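This report covers salt bridges, strand pairing and a surface patch.

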Amino acid sequence: MSVFGNSMAPTYNHGDWLVLRRLDSQVGSLPLGCVLVIEREDRPGIFLIKRLQKSHGGRFWVEGDSQESTDSRQWGWIYENEIRGKVLFRYKRGK
């Protein structure tokens, strides 16, 4: 997956490539601080990269690393079925 935008800067930057693990299960056991790929129910086909900050009863609070990110600070909690994968590592964009 290629990063588009700066919501996760400086951790991940526009043009970086990420290697993901698809999550079909084990969502409830995700560690806080991990970086997830989510697909909001109201925006199908658009994949977003966010960091897991809190979880409670099948609900998850996710935020981008940038203060200018659109995330749970605007949406509120997301649900397990909106989590698609977990970022394993990245290939940094070359200059």
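## Salt bridges

Glu-63, Asp-71 and Arg-73 are linked in a network of salt bridges. A salt bridge here is a side-chain nitrogen of Lys or Arg within 4 Å of a carboxyl oxygen of Asp or Glu. This is a predicted model: local features need pLDDT of at least 70, side-chain atom pairs count only at pLDDT 80 or more, and totals for chains, interfaces and linings use all residues. Residues are numbered from 1 along each chain as its sequence is written, and side-chain values use heavy atoms, with hydrogens and water left out.

The rule gives 6 salt bridges. In one of them, Arg-73 meets Asp-71 with the closest N and O atoms 2.5 Å apart. Asp-71 is buried at 0% relative accessible area; Arg-73 is partly exposed at 32%. Buried means under 20%, exposed over 50%, partly exposed in between (1.4 Å probe, protein chains only).

Glu-39 bridges to Arg-84 at 2.7 Å. This pair links distant parts of the chain, 45 residues apart: Glu-39 sits in the loop between E2 and E3, Arg-84 in strand E6. Glu-39 is buried at 13%, whereas Arg-84 is partly exposed at 31%.

## Sheet

The open sheet has 6 strands in the order E1-E6-E2-E3-E4-E5, with antiparallel pairing. Its edge strands, E1 (17–22) and E5 (78–79), each pair on one side only. Strands (E, at least two residues) are DSSP runs numbered from the N terminus. Two strands pair if DSSP finds at least two bridges between them. E2 (residues 35–38) and E3 (residues 48–56) share 4 bridges. Val-35 stands opposite Arg-51 in E3.
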